[in-house]
2 protein chains.
Amino acid sequence: MGLYKVKNLNKHAIIDLIRFTPGGISRVELARQLGLTRAAVTTIVNDLLEKNIICEDERKSAGGRTPIVLEINPKRGRVVGVDIGATHANIILADYSARVIRDHEFPLRIGDGPEACLQKVDEGLRELLAKEGLQLSDVSAVGVGVPGPVVVEVGLVSAPPIMPGWDNFPIRDRLEAMWGCPVTLNNDAELGALGEWAYGAARGESNIAYIKVGTGVGAGLLLGGQIYRGSTGSAGEIGHFTIDENGPRCSCGNRGCLEAMAGGYAISARAVQQIKAGHRTVLAEIDPITAITARDVISAARRGDLVAQHIVIDGGRHLGTAIASLVNLINPSMVIVGGGVAQIGDLLLEPIRQSVKARSLRVSSSAVRVTEALLGRRSSGMGAVVQALTIVLHELAEA
Amino acid sequence: MGLYKVKNLNKHAIIDLIRFTPGGISRVELARQLGLTRAAVTTIVNDLLEKNIICEDERKSAGGRTPIVLEINPKRGRVVGVDIGATHANIILADYSARVIRDHEFPLRIGDGPEACLQKVDEGLRELLAKEGLQLSDVSAVGVGVPGPVVVEVGLVSAPPIMPGWDNFPIRDRLEAMWGCPVTLNNDAELGALGEWAYGAARGESNIAYIKVGTGVGAGLLLGGQIYRGSTGSAGEIGHFTIDENGPRCSCGNRGCLEAMAGGYAISARAVQQIKAGHRTVLAEIDPITAITARDVISAARRGDLVAQHIVIDGGRHLGTAIASLVNLINPSMVIVGGGVAQIGDLLLEPIRQSVKARSLRVSSSAVRVTEALLGRRSSGMGAVVQALTIVLHELAEA
């Protein structure tokens, strides 16, 4: 029994090292990095080859010898990653080696509640599959991300501030019933950290924070090489850091939360305020002005609108204040800024970097790199793909 | 080679489970909790018994059978834990089972620099040992805590805000040369977390934060059952959380840091301010009023002085604001408040609890218990004892 468990642990470790090593890995390297004997590696690798989970890729090395590199077999099947945001959803279809086959982004309002939203996601997934001549039965597992505190074990969200109507709704169970395959539910920022660690800016890093700046602001933490969820799965709520004890009221009930000063709602509210104060901006052309979204502000900033640019810079400063506290507390080697608002790049990142430098201790600020998400809008979706593949590949290996 | 490593891992795991289980543990329980075979446990336990590291304690159980309980052999030797604070140092002499033989607290000014302070600590240790008829050669290892960011591997502090003159001083090497035994250097708040986890309020918890409220304010984190230090060892600097973007200037150069609003210096500065503003308080009798310390304020509060009490309550509110952010970020099951200022108890703890409830998300605030340090002033010193014992016991087991 003890031996059996260890065997599976080694199998999982070998599969994970193969899938997270860019370009594949040789048997010798597997043994070296995992501290296993060559014989143990050979036994497991042969089993995985026989099951068609991995395949060999022979390449000529410079010296003329041919080290055989092992990779996940991309033809073995497909998984799906779904990133449900406050205003948009993103669906990614990928093969077992996590290569994207096709993806699809579409608008969605999280406030419409779970029934309407999951319906839309279902339609989106079916459409996407149809375009590839595929059906739901061709999908082995689905990873799903949502912008709220997730109780992973039961697949639902608990008291989410920006997901009205979703509290305790059985998201995972509903989707499993709809799609007939295993579904795993995680927090979107957590998936962003995982996606960037597996395939993006944070490859090889051990302690990172991924900050998702969209309508809400959330952080995903990867500490000591592991996704960190906290004692009840709600870690990473940086959006509700108090950065001004007497600041404006937040949707959570508190005063001076980061989200109330730099989230998507705060950005559009700030634009309305600036227009009402008589500042000249292209955003004033939007009618009614209360319909202005954070996306509108971002795109106006990109087109050179000074008012919009100042709103983004101010948002960056506030984000930087909270991120500086995060840097002081967890001393990460990298902070990755992603999500919709972050697509503006350095206009948002530079004030964040300046605040972090000014507001965190030198020993930590000099050790951290603040960078944008390499996968852009796909960080969380790719993290969802990682989770779906973990289910599938570990299960296949155990069979 | 691989096998050898696993063998030591199991040995360390068995020793740790024995020493951190109150009242000791049986062979059967060891096997069950570690998922090891009875045979593997027997081999290692016999080896540890032979080396005199552990001993057997036979007790009659209710049912008449006698399960033999294993404990660390207290007579095998002694270690020392030293907690160096900003204004006081605490030295604890303990046996191998971590029972306190004698301890000693004495004033010390961290600002006098490493040479003067380490000299004082050395004198304090020699005195303490002399009272027990012991010498330095009777001490197997010493754990030391300091109130700054520690680079554990090299045993020094890097850019510590409240330790002027200590930057990059080879603390560990100097002490090892002075005392002739292994010394391990750690951050004091980190040791507080470890001490409370091993022998205090947080036994059995996996995700905890220990907040040390003294002259400085620091946090020690234990996440996923492990001390968490971050990527360069400077995690836990909650004292430099920005809680008011436009607040007062802090010793670190930033504005509105927690430490500038609730640390020991802030508390005494607040008292001076209140006296100058004409408020009636017993603290006004201290001459000159600039000599008022946080300890004076605490003791006046304890004697019923209203001004002093309000200063403590305000400090608690600010602490609660930062702790609420910490709770939002790492979702701990327990926050333990310790250090000199915390000795006032609920007068400080209640406003902290209220701020945490008001300012962190329900899902996290309902999962956390905010409590005072069970070991009182000794949390960090006992954590230092744990570290010293880890060196000694693991080394003995490997020999």
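A polar contact is a pair of N or O atoms within 3.5 Å; within protein, one must be able to donate a hydrogen and the other to accept it. By that rule, 38 residue pairs, both members at pLDDT 80 or more, are in polar contact across the interface of chain B and chain A. The model is predicted, and the tour starts at this interface.

**Stop 1: the interface**

Select the side of chain B that touches chain A. The elements giving two or more residues to this side are β12 (217-223), α10 (306-330), α11 (346-359) and α12 (362-365) of chain B. Helix α10(B) supplies the largest share, eight residues. Coloured by class, the side of chain B that touches chain A shows 21 nonpolar, 19 polar and nine charged residues.

Now display both sides together. Chain B brings 49 residues to the contact and chain A brings 49 residues. About 3,800 Å² is buried between chain B and chain A, with carbon and sulfur atoms giving 52% of that area. In chain B, the residues that lose the most area to chain A are B:Glu245, B:Leu329 and B:Arg359, which together make up 20% of what that side buries.

Two salt bridges are counted between chain B and chain A. To see a salt bridge between the chains, select A:Asp167 and B:Arg362, whose side chains meet at 3.9 Å, N to O.

**Stop 2: the nonpolar cores**

Next, select A:Ile238, A:Leu326, B:Ile238 and B:Leu326. Within the largest nonpolar core, which has 94 residues, these four touch the most other members. Centre the view on B:Ile238 and show its surroundings beyond four places in sequence. In chain B, the contacts of B:Ile238 are B:Ile211, B:Val217, B:Gly218, B:Ala219, B:Leu258, B:Ala322, B:Ile323 and B:Leu326, while A:Leu329 is its contact from chain A. Another core, of 46 residues, lies apart from the largest one; among its members are B:Ile44, B:Ile72, B:Met334 and B:Val386.

**Stop 3**

Go to B:Ser379, in helix α13 (residues 379-398) of chain B. Is this serine buried or exposed? B:Ser379 is buried, its relative accessible area being 0%. Its side chain makes a polar contact of 2.8 Å with the side chain of B:Glu196. A polar atom of the B:Ser379 side chain also lies 3.2 Å from the backbone oxygen of B:Gly376. Not counting residues up to four places away in sequence, B:Ser379 touches B:Leu191, B:Gly192, B:Gly195, B:Glu196, B:Tyr210 and B:Ala373.

Move to A:Gly233, in the loop between β13 (226-228) and α7 (258-262) of chain A. A:Gly233 counts as buried because its relative accessibility is 13%, and buried means under 20%. Apart from neighbours within four places in sequence, A:Gly233 is in contact with A:Val150 and B:Asn331. A distance drawn from A:Gly233 to A:Val151 reads 5.6 Å, C-alpha to C-alpha, although 82 residues separate them in sequence.

Return to chain B and select B:Val368, in the loop between α12 and β15 (369-372). B:Val368 is likewise buried, with a relative accessible area of 13%. Beyond four places in sequence, its contacts are B:Val327, B:Pro332, B:Ser333, B:Met334, B:Val335 and B:Val356. The C-alpha atom of B:Val368 is 18 Å from that of B:Gly236, which is 132 residues away along the chain.

**Stop 4: salt bridges**

Over all chains, a search of the whole structure finds 44 salt bridges. Begin in helix α1 (residues 2-20) of chain A, where A:Asp16 and A:Arg19 lie three residues apart, about one turn of the helix. Their closest N and O atoms are 3.7 Å apart in a salt bridge. A:Asp16 is partly exposed at 22% relative accessible area, whereas A:Arg19 counts as buried at 10%.

In chain B, select B:Arg174 and B:Glu115, which form a salt bridge with closest N and O atoms 2.8 Å apart. B:Arg174 belongs to helix α5 (residues 171-179) and B:Glu115 to helix α4 (residues 114-131) of chain B, so the pair ties together parts 59 residues apart in sequence. B:Arg174 is partly exposed at 31%, and B:Glu115 is partly exposed at 47%.

Then select B:Asp314 and B:Arg270, whose side chains meet in a salt bridge at 2.9 Å, N to O. This pair links distant parts of the chain, 44 residues apart: B:Asp314 is in helix α10 and B:Arg270 in helix α8 (residues 264-276) of chain B. B:Asp314 counts as partly exposed at 22% relative accessibility, as does B:Arg270 at 28%.

End the tour in chain A with A:Lys11, A:Asp47 and A:Lys51, which are linked in a network of salt bridges.

Terms used: Residues are numbered from 1 along each chain as its sequence is written. Chains are lettered from A and ligands numbered from 1 in the order in which they are written. This is a predicted model: local features need pLDDT of at least 70, side-chain atom pairs count only at pLDDT 80 or more; totals for chains, interfaces and linings use all residues. Side-chain values use heavy atoms; hydrogens and water are left out. Contact means heavy atoms within 4.5 Å. Buried area is the accessible area (1.4 Å probe) that two parts lose on being put together, summed over both. A salt bridge is a side-chain nitrogen of Lys or Arg within 4 Å of a carboxyl oxygen of Asp or Glu. Helices (H or I, at least four residues) and strands (E, at least two) are DSSP runs, numbered from the N terminus. Ala, Val, Leu, Ile, Met, Phe, Trp, Tyr, Cys and Pro count as nonpolar, Asp, Glu, Lys and Arg as charged, and the others, Gly among them, as polar. A nonpolar core is a set of buried Ala, Val, Leu, Ile, Met, Phe, Trp, Tyr and Cys residues joined through side-chain atoms within 4.5 Å. Buried means under 20% relative accessible area, exposed over 50%, partly exposed in between (1.4 Å probe, protein chains only).
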